[in-house]
Every structure is written in C-alpha cells, then in structure tokens.
Amino acid sequence: MNGGRLVAQLTANLPELRGRLAAEAPLKEYTWFRVGGPAEVLYSPADEADLAYFLKHLPADIPVTNIGLGSNLLVRDGGIEGVVIRLGRGFGEIKIEEGGRLRAGTAVPDVKVARAAADAGISGLSFYRGIPGSVGGALRMNGGAHGKETCEALVEARAVDRHGNIHVLPVADLHYSYRHCGAPEDFIFTEALFQGEPGDPAKILAEMDEIAAYREEVQPIKSRTGGSTFKNPPGHKSWQLIDAAGCRGLSVGDAKVSEMHCNFLINEGNATAADIETLGETVRARVKQTSGVELEWEIKRLGIPA
Ligand SMILES: Cc1cc2nc3c(=O)[nH]c(=O)nc-3n(C[C@H](O)[C@H](O)[C@H](O)COP(=O)(O)OP(=O)(O)OC[C@H]3O[C@@H](n4cnc5c(N)ncnc54)[C@H](O)[C@@H]3O)c2cc1C
C-alpha cells in the first residue's frame, strides 16, 4: 500500500474534486466489529456529482470498494487496497413526497428513515427501526426484518457506476432476492425512493418501540458484532444449525459465538479480523459435519489478510 502517493496522484489529476481523500485511513472505527486494517485511500465524496466526477477520472486499474455504516462488514487485518468510498453528509437528506413516499440519501441510517416516516404518518417502513445500517447498505443487502424486506418498500434507486455514469433503476431492475441485490457490483447507490401507506404516527411509533424492545431482548445489539453471520439456508434457521453443531459460546481468541443469539459473532475486546473469520469458518465446518448443510456468509468480508 502507498496511500500517500495515490492521494498525491489523485489530487494532481482531479483538480475539480470537492470531496476528501485520506491516506492509510483506519477503517476499524467505521465497522461494528471494530477490527480490520486501513483503507489505502479513503474518499468521502461531497455529493453525487463529485462521486461521478471521481469515478469517471479514476484510473481503471485502481480497485474501488464501497462501505456504508459497517454493520455487515468484516474488514480483514491487512486493510483494503485502492480506494474505499464512504458516503457522508452530502447523501444525508430525507424528503417526504406526495402519496406516502419518502426519498432518502443513502448515507441516512435506516433508523432515521423509520422515524421520519412515522413523523410524516407513513406506515410500512417501521421495520427499519431494527436494522443498524444505512440506506445504501439496505439497498445492497436487501435488508429486512419483522416480515418485510427493502425490495417490498422500494420504488426506485439512483446509483453511480464505476465509469461515473448515473442510473435511475426501478425496483424490478435490481433483481432482488433474500439478502441479495442483482445490480452490478460496481454500482454505488446514492438515493432511494420508498413507498409507504397512510398511518397514524402514534401507532407507528408504538410499533417501532416494540421492535426496539424485542431486539434488545433477543440480540446482542450492544456488542461489537456484524449481525447475522450466515444467511438462513432454504428450510432452515442458521442459529438452530449452529446450536445443534455445539457452537454456542465457541471462541477463537477474543472472537466468540454469541451465547444470546448464536448466528451472531462477537468481538469481546481484542479480536482480530482473522480470529473472527477463523471462528466463522470453524462454525461452517462443524455445521456441515453435523447437518450436511453449507452455510453461506451474509457478512461481507473485504480486504486482505495481515
Ligand atoms: C446488531 C445488528 C443487527 C442486525 N439486524 C439486521 C436485520 O434485522 N436485518 C438485516 O437485513 N440486517 C441486519 N443487520 C445487518 C446490517 O445492519 C444490514 O446488512 C445493513 O443493511 C448493512 O448496512 P450498512 O450501511 O452497515 O452496510 P455495510 O455493512 O457498510 O456494507 C454492507 C454491504 O453493502 C454495500 N453498500 C453499503 N453502502 C452502499 C451503497 N451506498 N451502494 C452500494 N453498496 C453499498 C457494501 O459494499 C457491502 O457490500 C444487523 C447488523 C447488526 C450489527
């Protein structure tokens, strides 16, 4: 990695850039697990036009990785080569539109979408109260909870591709399935338009309180975790398979399978990304051995080992 040189090169070649570039930026603080190495270069675009300008002029051989609020990420200890893009304030607006619609920038936390919808008397978005990511992460992961998924509430999304072209994509073009979005991997979402129904704010807020209370009871939400580690395989619940394989409480270094919810891995203090990944792979192997089922990672693992 030579982030300093890359920043100097980009600054010289992109005179109209308005966003911020930082060399060898630690990513630990941007992920829920609080592990992982630095980004060679971290770029925080000023707004969508700035992002498009950057991608258009970035040499094709420089890899680009996009992160949201890091609640579904394991960044490996060696960090991420090339440019990591993290959207911030320029993508943080929420607008209420006619007909029960809500438009949100993709840096907006899901919880804020739920709150703004409740305040505006829009029901159908309260499931976002329980998902600790951003709108961008929800679009990419088809985030869902309490019986509803992002693709059921979404009308369309805006995205910028690796060449800096802007796309407006109706939900059907995103080819959604369980925790999967079929949009090209290089698309960085910048905005989402959601559709809700008219609702009573007090009732919606009460529903959100119930969701929050339930979460606190069944998930280790105050721990350093990445949420559900593995997708539920068809016809199974991952946590049940993990429990049946005897993995509840299993640990590698400071990485531990949560006692409270065994599809959650936890950093108990000084775990490395390697500890967490090794623990996850150990769980996968034991589940395969006991049940024959191959678990698929839901958490996105990025970067290179130390
Ligand atoms: C305690 C806890 C509880 C959780 N509960 C749930 C739950 O109930 N339901 C659920 O679905 N998930 C849950 N999660 C997982 C996580 O919150 C979701 O996957 C969330 O949508 C991730 O959003 P993020 O902004 O944190 O994305 P990140 O974790 O930063 O990134 C996840 C993926 O999204 C991509 N991405 C992020 N932003 C963009 C963007 N703007 N454009 C394109 N791609 C982007 C990244 O490249 C990466 O591939 C939970 C996590 C935790 C820690």
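Reader: Which exposed residues sit on the face of helix 6 turned away from its buried side?

Author: This is a predicted model. Exposed here means over 50% relative accessible area. On helix 6, the face turned away from the buried side carries the exposed residues Ala202, Lys203, Asp209, Glu210 and Glu217.

Reader: Within what arc do the buried residues of helix 6 fall?

Author: The buried residues of helix 6 are Ile204, Met208, Ile211, Ala212 and Arg215. They line one face of the helix, because, seen down its axis, they fall within an arc of 95°.

Reader: What do the buried residues of helix 6 pack against?

Author: Ile204 and Met208 are among the buried residues of helix 6. The partners of the buried residues include one helix and two strands. They are helix 3 (110–119), strand 8 (122–123) and strand 9 (144–145).

Reader: How far does helix 6 reach from its first C-alpha to its last?

Author: Helix 6 covers residues 201–218, which is 18 residues. At 1.5 Å a residue, 26 Å is expected. The model comes close to that, with a reach of 26 Å.

Reader: Which strand supplies the largest share of the lining of the second largest pocket?

Author: The second largest pocket holds about 220 Å³ of space. Of its 14 lining residues, those closest to the centre are Gly90, Phe91, Gly105, Thr190 and Glu191. Strand 7 (101–105) and strand 13 (188–195) each supply at least two lining residues. The largest share, 3 residues, comes from strand 7.

Terms used
Residues are numbered from 1 along each chain as its sequence is written. This is a predicted model: local features need pLDDT of at least 70, side-chain atom pairs count only at pLDDT 80 or more; totals for chains, interfaces and linings use all residues. Side-chain values use heavy atoms; hydrogens and water are left out. On a 1 Å grid over the protein atoms alone, a cavity is a set of points where a 1.4 Å probe fits but cannot get out, and a pocket is an open set with protein on both sides within 12 Å along at least five of seven lines; lining residues have an atom within 4 Å of a point. Grid points are joined across faces, edges and corners, and a volume is the space filled by probe spheres set on the points. Helices (H or I, at least four residues) and strands (E, at least two) are DSSP runs, numbered from the N terminus. The expected span of a helix is 1.5 Å times one less than its number of residues. Buried means under 20% relative accessible area, exposed over 50%, partly exposed in between (1.4 Å probe, protein chains only). The arc is that of the directions from the helix axis to the C-beta atoms. Contact means heavy atoms within 4.5 Å.
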